[in-house]
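Here's a walk through the charged side-chain pairs of one protein model. Have the sequence to hand as you read.

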Amino acid sequence: MALVAAASVAAVALMATGLTGCADMSGIAPQARLRDAPSLGLNDVQGAEATAAQAPVATEWWREFGDEQLNTLVAQALQTSPTLKLAQARLARAQAVTEVADAATLPQLTGQLDATRQRYSANGAVPPPLAGSIRESGTAQLNASWELDFFGKNRAALDAALGSANAAEADAQAARVLLASNVARTYFQLVRLNEQTNVARRTLAQREETLKLVRDRVDAGLDTRLELRQSEGGLPEARLQLETLQEQMALTRNAMDALIGKQNGTAALSLPAQAAIKNVAAAATIPADLLGRRADIAAARWRVEASSKDVVNAKTQFYPNINLVAFAGFSSIGLGQLTDSGSRQWGVGPALRLPIFDAGRLRANLRSKTADLDAAVESYNAAVIDAVRDVADQIASSQAIVRQQTEQRAAQEAAEGAYEIAVQRYKAGLGNYLNVLTAESSVLAQRRQAVDLAARALDTQVALIRALGGGYTTAQAPASTPVSNATPDALHGATKNVANYTDKSWARGTFHQ
């Protein structure tokens, strides 16, 4: 009997192979192509040096700024953020889908137990003595089935589900990176506003001193009402600046409270001096695989992988389904005889299902999956292009800020030097105090610029860290080559073409709670 079953399976498989010629998928093919290195103006670097560089960003990169309050805020945000929990839920769902797809590749076993009390028709196909009688019938058996995946339909569905799960994992990591960077940037904004508020308070006090001195000079006949009105106009301007900064401080605190998920969570913050925050130096070398270390790029690449497997699955729908089915159990008329040896029954054999006419449904499904693949490829290309621009922008800004800070420090030194001279002349009786206050105005203006530039430097450091992947790690990262003097132009020689990485292990991210 086993030989008969095996022969039946072989015959069905041979017939199914012959019927695959009926599948018509002509004229349906993807149009989009993954962008390669030359099309992006990048150099595809290979060689023995490819393993030299490591990931340029630590997983908990925010600790490098040396601020414990920032560390606490990031930890709170990662623990309570609804956005991150939503990404985790999507990951759990995608992983469950892979388990469902994996189950379809394995044999299935079900149990069946039926008990029926039935009146048989006296005028039907059932002969006497059952005809016209009321009897009980029962069936107790096991049913087994196994779809013989000759054409890879179930395997393609599993691969597509795995790709979607890996994309969801990368999305969760991208959400984590974005959340941590937003917390850090908001915290540094609070520090900037606090520093600017201190400068604004001194500016207001300086304007009040200037007004008092001008009034004394007007009373003494040394100045006119023109100088008095000009000095009076400086007070509302200084108060306006202070009120604006306080409003921005309140709004920024609200934004931080929302990020950490705690109302008034920043009320107890003791903001440090800006100079107390460590600067994180940009990497001296930019690894060639920096794009592959971005979670959003990894997610986009996995979606391409999943969509390509969906196309494979859609193509296999044109081919026959071949199942090996079997059952064994008991069936009888009369429940009292259900377990008798004579009530035994069993069966085994192949089953074939072949689409013959479906009114174009299968071709429409294939066109839909092919269009999804084109969309996934173009989304990936757009993400790669945006990543290249993002990194280049942050590097350009970082270098520009360094040059601007050099010039600003020179201007501030000159302003402070002029202020010291004005103070010395006043103490020697060679100048009046109004000259001192006027010189201090230039110093305060330079301090405001210094605070803004220092804040921009910190903000750009965070943005560059995020652009370089934000600590996203892969189980098997692609090779990289260090490139010295990373400038916006040098970046074109520093980025490896990630479109060529097709091994699934390339983008398998490690998700950190």
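What follows is a tour of the salt bridges, pair by pair. Keep in mind that this is a predicted model.

Let's start with the general idea: side chains of opposite charge can pair up when their charged atoms get close. Counting such pairs in this model gives 12 salt bridges.

Begin with R63 and E60, whose closest N and O atoms sit 2.8 Å apart. How accessible are these two side chains? R63 is partly exposed, with a relative accessible area of 43%, and E60 is partly exposed as well, at 39%.

Next, look at R117, which pairs with E136 in a salt bridge at 2.2 Å, N to O. R117 belongs to strand β1 (residues 108-119) and E136 to strand β2 (residues 134-147), so this contact ties together parts that lie 19 residues apart in sequence. R117 counts as exposed because its relative accessible area is 60%, over the 50% cut-off. E136, at 28%, is partly exposed.

Now move on to the helices. R185 and D459 form a salt bridge, with 2.8 Å from N to O. Which parts does this pair hold together? R185 is in helix α4 (residues 153-219) and D459 is in helix α8 (residues 433-467), so the pair links parts 274 residues apart in sequence. Both ends are partly exposed: R185 has a relative accessible area of 31%, and D459 comes in at 25%.

Conventions: Residues are numbered from 1 along each chain as its sequence is written. This is a predicted model: local features need pLDDT of at least 70, side-chain atom pairs count only at pLDDT 80 or more; totals for chains, interfaces and linings use all residues. Side-chain values use heavy atoms; hydrogens and water are left out. A salt bridge is a side-chain nitrogen of Lys or Arg within 4 Å of a carboxyl oxygen of Asp or Glu. Buried means under 20% relative accessible area, exposed over 50%, partly exposed in between (1.4 Å probe, protein chains only). Helices (H or I, at least four residues) and strands (E, at least two) are DSSP runs, numbered from the N terminus.
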